[in-house]
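The sequence and structure come first.

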Amino acid sequence: MTIYESDLPGVGKKFEVELEDGERLVIVTHNTGKREVFLKPDADADGDKLFDLSDRLARTVGTILEGAYFQPVQTEQVETMLGDETYLEWYGVTDESDFAGQRLAESNIRERTGVSIVAIQRDDELISPPTPETVIEVGDTLVVIGDREDCAEFEELLGDGYEGE
Amino acid sequence: MATETALVDVGLLFAAVALAGFLADRIDQSVIPFYIVVGMLLGSNVLGELPALAGSDVTVGGASIVVPEITVGGTDVLTALGGLALTDTDFVVVGAEIGIVLLLFFLGLEFNLDRLLASKNRIGKAGTVDLVVNFGIGLLVGYLVFGGLLAAVLVAGIVYISSSAIITKSLIDLGWIANDEAEPLLGTLVYEDLFIAVYLAIVSALVLGGDDLGAAAGEVAIAVGFIVALLGLVTVGSGFFQRVLAGATTEFVVVRSLGVTILVAGIALALGVSEAVAAFFVGMAFSSTDHVHDLERLLEPLRDAFAAIFFFWIGLVTDPALFSLSVLGTILAAAIVTTPAKAVSGYLGGRIYDLDTRRSIRVGLGMTTRGEFSLIIASLALSGAGTGLETPVADQIYAFSVGYVLVMSVLGTSLMQHSSRIEPVAVPLLEGRFGDSPRASDD
């Protein structure tokens with residue numbers, strides 16, 4: 001596979017990707033971030049425009065094509081709004097979290113961050129609602145309710161090792 | 001009261017320009033000629049003449065008609081309409097000036113010296129062919145029509161420089177941007193843009209310097225000195241330009257970049273150096289920072305709005321009466337001579353890029369459009385009236401270039417749009433003559 005890259009002064013960059021059967025996919029990246037995608041039946045033919053995408057959309061589509069986007073649980077994507085400013089979020093517990101191994105009552109999560117843990121997913125088991133005696137274990141997925149700031153604070157508390165699931 | 005009138009005038013300006021842009025878009029044409037014509041129609045030379053018409057004799061082809069005074073509800077319609085006529089107020093003039101500055105600022109911003117050097121061989125060859133053929137023909141036409149050397153150089157610039165704005169837009173609209181013809185087209189435009197920066201610096205010094213050779217030489221020296229200083233600023237000051245915008249919010253990016261650009265351009269103008277060239281170098285300085293993307297995104301709408309004022313102003317100060325038969329004849333002759341010249345030099349440029357006949361023809365057709373830079377040279381000619389140029393000559397060059405741009409922008413865009421009809425005729429003709437082997441065509 002060969003990719004030809006060329007500059008388009010004042011416009012942006014052009015990438016030509018050789019496909020099978022001599023077809024070529026042409027991607028024009030504008031300086032504005034817009035991507036235009038064309039298909040050429042062969043190297044000498046004119047490009048037929050397939051579609052264009054905004055910068056953000058192009059990146060999302062790109063990660064899907066790359067196979068990197070689809071993940072069953074990813075914090076930023078699964079966050080659910082309840083009402084105006086309340087979020088329902090999923091967080092994984094790594095061994096970096098300082099409350100791993102603690103009972104809910106002694107972890108003081110609600111006092112420290114303002115979020116409430118409404119359920120804990122452990123392997124195939126769902127602990128809902130957890131009691132003050134429930135022990136948080138590494139590998140748990142915590143289902144949390146709180147406003148944006150509280151959730152952010154909670155995420156910080158999860159420790160540096162936390163990168164989402 | 002003055003404020004209210006001024007605001008209404010500016011509102012009228014933008015409304016008219018918006019309407020013209022809408023019309024142009026509807027019929028797939030470049031907006032530039034439409035902006036100019038609207039400016040001409042709303043100016044004191046057309047709309048402003050209406051009140052004087054009432055009750056006067058107008059001779060049309062030997063028959064004399066008395067224009068009736070039309071009154072509706074006690075108001076004289078013609079006088080009322082004439083009252084709407086716009087004049088070149090400070091706002092319009094300064095707005096047009098900012099339009100020029102931003103157009104050149106963007107040239108500098110998108111101009112990448114490394115990129116130019118990377119493909120210097122092909123851009124250099126194609127650009128030089130383009131320069132020699134078209135600038136040469138322009139010199140000849142200019143000298144034959146206007147006599148003087150300075151006038152010839154001005155006409156040569158007007159005829160030589162293709163319109164980056166219109167051509168780039170057409171390339172994107174037609175989807176040619178994905179094809180091989182885009183590279184020689186854009187590469188040649190880069191060569192022209194660099195040339196125009198140097199050209200404007202020297203010619204504006206000549207035009208404003210007057211007849212006195214010593215004074216003109218002094219002006220050129222100042223211009224060259226200023227450019228050298230700016231070049232130094234561009235190379236040494238990249239850290240400064242980086243810091244100016246570091247961590248700035250969108251508001252600050254816009255305000256600070258305008259603050260630097262317009263101030264430098266203004267100082268240049270005050271020193272008698274081309275403000276456009278100064279803006280070009282400031283753009284180049286910003287192009288080496290990490291903020292190019294933000295600047296382009298944030299300033300592009302601003303550039304387009306002020307460029308619209310610039311084109312409108314060009315029309316506003318154009319008196320249709322200046323289009324005498326001899327000027328119209330010159331425009332026609334120039335169009336007839338320079339269209340094939342650009343087409344041929346563009347075709348050769350395409351060949352230098354190893355393109356086949358059909359794509360080389362497209363390069364030729366694409367390059368024929370003239371636009372904003374020809375008008376910038378025209379406004380330069382006008383500002384030299386009475387100093388470097390005699391006023392009637394300056395007026396004629398101005399009228400010539402406005403008319404020429406009107407013709408060439410419409411013609412050039414149309415040639416590009418209808419290239420699929422031209423190619424089937426031109427390809428066999430050229431391949432037959434030059435004995436090229438026919439290439440596969442996809443249509």
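How many salt bridges are there over all chains? By the rule used here (a side-chain nitrogen of Lys or Arg within 4 Å of a carboxyl oxygen of Asp or Glu), the count over all chains is 29.

## Basis

The model is predicted: local features need pLDDT of at least 70, side-chain atom pairs count only at pLDDT 80 or more, and totals for chains, interfaces and linings use all residues. Residues are numbered from 1 along each chain as its sequence is written, chains are lettered from A and ligands numbered from 1 in the order in which they are written, and side-chain values use heavy atoms, with hydrogens and water left out.

## Salt bridges within helices

A:Asp55 and A:Arg59 form a salt bridge, at 3.3 Å from N to O. They lie four residues apart in helix α1 (residues 55-66) of chain A, and are therefore separated by about one helical turn; helices here are DSSP runs (H or I, at least four residues), numbered from the N terminus. A:Asp55 is partly exposed at 26% relative accessibility, whereas A:Arg59 is exposed at 53%. Buried means under 20% relative accessible area, exposed over 50%, and partly exposed in between (1.4 Å probe, protein chains only).

In chain B, the closest N and O atoms of B:Arg297 and B:Asp294 are 3.3 Å apart in another salt bridge. These two are three residues apart in helix α15 (residues 292-316) of chain B. B:Arg297 is partly exposed at 41%, and B:Asp294 is partly exposed at 28%.

## A buried pair and a network

B:Arg358 and B:Glu423 meet in a salt bridge at 3.5 Å, N to O. This pair links distant parts of the chain, 65 residues apart: B:Arg358 is in helix α17 (residues 357-367) and B:Glu423 in helix α20 (residues 419-434). B:Arg358 is buried at 7%, and B:Glu423 is buried at 3%.

A network of salt bridges links A:Lys14, A:Glu16, A:Glu18, A:Arg24, A:Lys40, B:Asp180 and B:Glu183.

## Helix packing in chain B

Helix α8 (residues 149-160) and helix α19 (residues 391-417) of chain B have axes 11 Å apart, at an angle of about 10°. They are therefore roughly parallel (an angle under 35 degrees). Residues in the contact (heavy atoms within 4.5 Å) include B:Leu154 and B:Ile158 of α8(B), and B:Ile397 and B:Phe400 of α19(B).

## Helix α7 of chain B

Among the buried residues of α7(B), residues 120-146, are B:Ile123, B:Asp130, B:Asn134 and B:Phe146. After α7(B) comes B:Gly147, with a positive phi near 85°.

Conventions. Axes are lines fitted to C-alpha atoms, for helices over the stretch in contact, and angles run from 0 to 180 degrees between N-to-C directions. Angles under 35 degrees count as roughly parallel, over 145 as roughly antiparallel, 65 to 115 as roughly perpendicular and the rest as oblique.
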